[in-house]
Amino acid sequence: MADAPKSPDCVLCGCCLEGCPLLSATGREELSPRAKALLAGPSKFMDASLPEADVAALTGLCLACGRCEKLCPQGVQVPALMAAMRASHPDFKQWMWKQWITRLGPYWSLAAKGAALTPDAFVPASLGLALKGLKGLRPGGGLRPWLGITKFPREAFGAKYGQRPVVLFDGCVGKGPRGVWAETARFLLNGLGAKVVEGRFSCCGSTLGVAGLPGDQAHARVANIAAWREAGRPLVVTYCATCRKGLADYVGCGLFADGDEERLWRDSLAPLSALLMGAGAKAGRGAPTVAGYHRPCHADLNDGLGDADCKLLSSLLGARLRTPAKGGCCGFGGILQLSAPELSATVGRGCWDVLDATLGFSAAPEVTPAYVLTGCSGCVMQLSATAPQGARVGHWLEVIGRS
Amino acid sequence: MKSSTSLATALTPAHLRFLESLFPGEGLVTDPTQMAVYGADSSRRSAMPWAVVRPRTEEQVVELLTWAESERVPLVPRARGTGMSGGAVPAFGGVVVSSLWLNCVLDIDADDFCAEVEPGVVTAEFQALTQKQKLFYPPDPASLKISTLGGNVATCAGGMRAVKYGVTRDYVLGVRAVLPGGRIVNAGGRSHKNVVGLDLARLFVGSCGTLGIFTKLTLKLLPLPEGSATVLAAFPTLADALSGARGVFRAGILPTAMEFMDAKACWAVGQIKDVPWPKETQAVLVLKVDGSNASLAAELARLEVALAPAHPLCLFKGLGAQEEEPLWELRRLVSPAGFRLGPDKLGEDVAVPRGSTVQAVEGFQAMGAEQGVQVACYGHLGDGNIHVNIFYDASDADQRSRAQACKETVFRLTLSLGGTISGEHGTGITKGPYVSWQLGEEERALMAGIKNVFDPSGILNPGKGWS
């Protein structure tokens, strides 16, 4: 029998069409993963030589949510095709840097405080939504805590990890505009009795890769692995779904000394929520009657853990938590906010419609608040930017009290 | 039918101005990069459309067909392009008409047991809505999560449940369509029985977009069975698997679905997924039964007894959707997994009278061996519809011609057994040249005459079907 194909090639079966939030929100087939694989993949459209710049532009209209990758029987990775295309296009790289670093960079470094103060009139139209997301992250803009942890699963944690050192991977947002995430995460690890060490991590690299900056991504990855080694190869605990995926994606890229180290890295990545399973909690003053849960596209990495945040929150909040049966993508999409803000906003509206159908906040706002928890920094930014009037959005860590 | 030489051969600037005014903004696509996907479908054939339009209303469809008829501009209706025979590929030029913006479920009526939908609704999403009201729309093509009701009706999509419930045709009560010149046809209606006049609604089913453009479909619904159960069994020989299947029917059980996969299909699935069957497996049967929850456990036991004389190597049972899903996942993956057998595929979906299935499958496997190409057979054993997939490497001219020769011998054997060259994919462009092997001159002349009544200038999906 024939050997398996060396590089996965799109066979146009269309299995990916089921999951694509862009196709579902717009009904525009040219935005589907299949359209992009057809143009950018090895099986290029047979009847045309299409301008490379146009192909790169269309292929770039991708949320990088990764849903199509999970559905593809051939293993085609459309976000990776897109990133490669961006990387090979010198003009694109230049444009990217100009937008992301030159213009948005200062806002990031000002811990989003500056974003809150920027008059809207000075904001270039294409950056409006991105900036609104950052404003949503300004210090003090988060949710008030109302959930007290009454019991930590110390024994289960101790039995599984013993005295193994633990390091928190804070990511760009936990380290910057939402420092409260990092503080609460450390509080929870201490509650578990974990031996917390510090690691000098940088960005996970996932957004850099999607943005077509593979050199910068590789640099971030190498630096993070060095920091992990320096800290004694501890357990790496994450609280952002996209960071966790970003770190999990190091496997298979030839970044490790050998197979053993690579396996150790893979097995060392743990979402904070999974460690807390079995915890007890009590809702106190200020608790909403119901809270929605937004499932990040990167929450389930098909590694058997499922969506650990959702499982933890369901066990802690019981019937108070409402999760839409069909999770909609928020539309953050790596850099889609910059390249096509209107598409990003369309997907975002669709996501709020799904949440509304589950929570019913627009039908009875006095009974049901538009109150949404999630576990990904990109989703928090995007949902904040696209939220209807009066809606509250935050990471689940924000609602946990530290007393 | 007039010859296609009278059709326009390209769009003029005036044509484009018309389309711009009828389909403002994103309703019209003319950039080749964006249009590329609209020129391809799951048959892996492709051709660049002249333009793509996305109507939001029936009024736009009426104006479009009025204009297209007077200008002799070919139109190629399209939904999600998941067809397997190139029916949606504009191989002979034309403007692609996407129905994805006509995607409303207009009505689901639990008293009339019918629903009215626009053509762009995704089949699985519609089924989920009907189930909320304890109603059931049975047609289940393998593509149901990604294909649309409009596409299913245009191709008369089949599926695994056909053995008990029939195919898409059996659930279409009414079709509202716009014909060339802008005429609106309301065929059929909401009554489950209707013998007034010729059955025009069913004429549209499987017509591959050659008769009119759908704007509304009226579909028949059934009460939703309370539950279902599944058995997957592996066998040491194909003959054992088929004798197991016979045993099931002889025991008086009519399964909802009865699927089989031959040795090569099983191997391919094993390449992309952990499989539960042992290495020596030569064929796998997957059976589903539905009914009341109280009776399903007993039905599973009956199935096990009925299969036992065929000596299955292993047998897995699943009661309820959650347990059944992993078993059906294995069957659904066969089509995409097949590419592990070779980079290129000729996917045929012949059907033979049920009693000839063994003879047919053994014949197809022998033809593959003779021509030196990989032939994987799987499909709907219960109704004699066999997917014969021929895998080869198209970059090798010799393999290409051997695959083609194999396909033709598959068709000849099928026809000699009293079968049909397509059970559910339709003929499109990939099987068009072989239609005359099956249909006589008289039948084809009748069909051409009917087409001529609906579409006198031949603007709708030219070159597809039976001509």
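Predicted model: local features only at pLDDT ≥ 70, side-chain atom pairs only at ≥ 80, totals over all residues.
1. Helix H2 of chain A. The buried residues of H2(A) are A:Pro33, A:Arg34, A:Ala35, A:Lys36, A:Ala37, A:Leu38, A:Leu39 and A:Ala40. That is 8 of the 8 residues in the helix, which spans 33-40 and is mostly covered. Note that A:Arg34 and A:Lys36 are on this list.

2. What covers H2(A). Which elements do the buried residues of H2(A) pack against? In chain A they are helix H3 (52-59), helix H4 (67-71) and helix H5 (78-87).

3. Confidence. The predictor assigns the complex an ipTM of 0.90. The pTM is 0.85. For chain B, the mean pLDDT is 94, and 99% of the residues of chain B reach 70 or more.

4. Strand E2 of chain A. This strand covers residues 165-169. It is largely enclosed by the rest of the structure, because 4 of its 5 residues are buried.

5. Partners of E2(A). Strand E3 (residues 195-197) of chain A runs parallel to E2(A), with 3 bridges between them. Within that pairing, A:Val167 has A:Val197 as its bridge partner. Strand E4 (residues 235-238) of chain A is also parallel to E2(A), joined by 4 bridges. Here A:Leu168 stands opposite A:Val237.

6. Is A:Gly390 buried or exposed? A:Gly390 counts as exposed, because it has 10 C-beta neighbours inside 10 Å, and the cut-off for exposed is 12 or fewer. A:Gly390 sits in the loop between helix H20 (377-386) and strand E10 (392-395) of chain A. A:Tyr371 is 19 residues away along the chain. The C-alpha atoms of A:Gly390 and A:Tyr371 are separated by 9.1 Å.

7. Chain A overall. The chain holds 20 helices and 10 strands. It has 403 residues, of which 51% count as buried. Sequence separation of the contacts is worth a look. Taking contacts in chain A between residues at least 6 apart in sequence, 73% join residues at least 24 apart.

8. Domains of chain B. The assignment gives domain 1 as 4-100 + 449-454, so the bounds of domain 1 are in two segments. Domain 2 is 105-223, domain 3 is 227-335 and domain 4 is 342-425. How far apart do the C-alpha centres of domain 1 and domain 3 of chain B lie? The separation of these centres is 43 Å.

Terms used: Residues numbered from 1 in each chain as written. Chains lettered and ligands numbered in written order. pLDDT = per-residue confidence, 0-100. Buried ≥ 20, exposed ≤ 12 C-beta atoms within 10 Å, placed from the backbone. Helix = DSSP H or I, 4+ residues; strand = E, 2+ residues; numbered from the N terminus. Contact = placed C-beta atoms within 7 Å. Pairing = 2+ DSSP bridges.
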